[in-house]
Amino acid sequence: MNIMLKTNDIADLVEADRAHVWHHLSQHKSYETVDPQLMVEGRGMRVWDATGKEYLDATSGGVWTVNVGYGRETIADAVRDQLVKLNYFAGAKGSIPGARFAQKLIEKMPGLTRVYYSNSGSEANEKVFKMVRQIAARHHGGRKWKILYRERDYHGTTFGALAACGQPQRNTDYGPYPPGFVEVPHCLEYRNQYPDAADYGIAAADAIEAVILREGPDTVGAICLEPITAGGGVITPPASYWERVQEICTKYNVLLHIDEVVCGLGRTGMWFGYQQYGVQPDFVTVAKGLASGYAAISCTITTEAIFDLFKTDASDPMNHFRDISTFGGCLAGPAAALENMRIIEDEELLANTVAMGQRLRNNLLGLMEKHPVIGEVRGCGLFQGAELVADRTTKEPLAEAKVQAVVAKCMSMGVIIGATNRSLPGLNNTLTLSPALIATAADIDTITATIGEALTAIV
Ligand SMILES: Cc1ncc(COP(=O)(O)O)c(C=O)c1O
């Protein structure tokens with residue numbers, strides 16, 4: 001670590017943090033007795049806290065973000081160069097990095113053509129909700145205004161996104177929510193809702209059709225789904241699921257919005273998670289790994305057919321997408337995203353993600369043989385989860401306190417892993433692993449060996 005903080009500096013900073021910073025998703029009572037932890041530096045797969053302790057980060061910055069790893073000077077240089085040339089101009093005008101990045105991004109997304117810039121995953125999703133509502137208002141006589149979302153999925157922290165939240169521990173207490181958001185059942189076969197189904201994927205997708213029919217197909221405009229549910233339990237969809245979802249969307253003229261905020265930009269070993277399943281979305285939203293956290297940027301990407309709906313009558317001053325994202329005009333975003341994408345390409349990080357993802361998965365399956373507490377290993381690429389259970393036969397979830405103790409034990413041994421957190425009551429029991437796409441075999445083996453030791457110690 002380059003920055004050596006003196007003991008007094010650390011103490012002051014810890015006190016400043018304790019006194020003034022409100023941390024996300026944190027119960028602050030604990031900081032009355034335990035120091036808040038300050039992260040101060042990162043290189044590659046590793047980060048250091050203010051005490052100088054080194055960690056191997058298997059979470060890409062806590063929330064699956066730093067896809068190309070820490071300390072990337074070329075991204076910092078690209079951002080600096082852009083900032084001194086032109087830091088900002090509102091999105092009604094174009095920019096050099098904005099045009100370049102949109103073109104690069106679209107090259108990776110056959111069938112999609114238009115990119116709308118904003119600055120967080122939540123905001124990118126809100127844009128889709130607004131577009132769907134405006135399409136309903138302008139092209140369906142006010143019908144087709146409802147938006148479906150899935151149990152266990154998460155789409156962000158703003159009110160529309162919370163209305164579309166399939167994780168009750170994320171949205172309880174913050175309502176009332178805007179109407180017109182309707183839940184469909186989850187598709188986690190391990191917690192099978194359709195035991196008699198011949199094909200679980202078809203049954204889980206048909207449950208969406210049942211909701212559309214119940215609500216009335218002429219009221220349903222879109223469905224918003226994660227390609228692989230992230231914080232709701234790393235849920236890889238069962239075989240046949242996505243294919244059937246696509247058929248249902250086509251049949252009822254329901255627009256398909258895929259939330260790639262976690263899976264986008266290589267996390268699963270392909271550019272986008274939906275590409276693993278051969279589906280063709282109408283909207284894709286991307287944030288987090290888009291610039292690996294070097295700048296705040298998100299994109300809402302759609303088709304020319306959708307885009308055209310917003311310019312059908314140029315004489316009508318209301319006939320365009322009446323949306324503003326102030327910080328969608330920060331040019332550090334596309335500058336960082338361009339360099340982030342170049343790194344993924346030049347360093348062949350998709351191939352590395354496939355290879356290291358397989359290794360991570362195999363290692364976790366190896367742990368499963370030794371540790372009955374692992375009920376199931378799920379995931380794709382460098383995006384894996386291990387659901388912990390108190391009893392493999394009954395699948396009773398392991399108590400959350402124990403899951404958190406496993407995470408804490410790994411942390412004490414210098415490896416940062418995640419666990420589903422404040423998502424679903426009684427089901428915050430999945431360890432989550434999302435190392436940067438640069439992970440080496442040695443990194444992967446260290447991560448899983450540490451988890452093994454922690455499971456032995458805690459469970
Ligand atoms: C799948 C998914 N969508 C959207 C979001 C919201 O992104 P942001 O926190 O950038 O608003 C998240 C955040 O974790 C997410 O996991």
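**Ligand shell, sheet and selected residues in a predicted model**

Asp77 lies in helix α3 (residues 73-85), where helices (H or I, at least four residues) and strands (E, at least two) are DSSP runs numbered from the N terminus. The model is predicted, so that local features need pLDDT of at least 70 and side-chain atom pairs count only at pLDDT 80 or more, whereas totals for chains, interfaces and linings use all residues. Residues are numbered from 1 along each chain as its sequence is written, and side-chain values use heavy atoms, with hydrogens and water left out.

Asp77 counts as partly exposed because its relative accessibility is 43%, given that buried means under 20% relative accessible area, exposed over 50%, and partly exposed in between (1.4 Å probe, protein chains only). Although Asp77 and Glu339 are 262 residues apart in sequence, their C-alpha atoms are 9.5 Å apart in space.

The ligand is surrounded by Ser120, Gly121, Ser122, Asn125, Tyr154, His155, Gly156, Glu226, Asp259, Val261, Val262 and Lys288, a residue being near a molecule if one of its heavy atoms lies within 4 Å of it. Helix α5 (residues 121-139) provides the largest share of this shell, three residues. By class, the shell holds three nonpolar, six polar and three charged residues; here Ala, Val, Leu, Ile, Met, Phe, Trp, Tyr, Cys and Pro count as nonpolar, Asp, Glu, Lys and Arg as charged, and the others, Gly among them, as polar.

An oxygen atom of the ligand is 2.5 Å from a side-chain N or O atom of Ser122, and a backbone N or O atom of Gly121 lies 2.8 Å from a ligand oxygen atom. Of the ligand's 390 Å² exposed when taken alone, the protein buries 81% (Shrake-Rupley method, 1.4 Å probe).

Asn125, one of the shell residues, is joined through its side chain to that of Thr285 by a polar contact of 2.7 Å; a polar contact is a pair of N or O atoms within 3.5 Å, and within protein one must be able to donate a hydrogen and the other to accept it, residues adjacent in sequence counting only if both atoms are side-chain atoms. Thr285 is found in strand β9 (residues 283-286) and counts as buried because its relative accessibility is 0%.

Elsewhere, an open sheet of four strands has the order β1-β2-β3-β14 with mixed pairing, two strands being paired if DSSP finds at least two bridges between them. Strands β1 (39-43) and β14 (415-416) stand at the edges, each with a single partner strand, so one side of each is left without a neighbour in the sheet.
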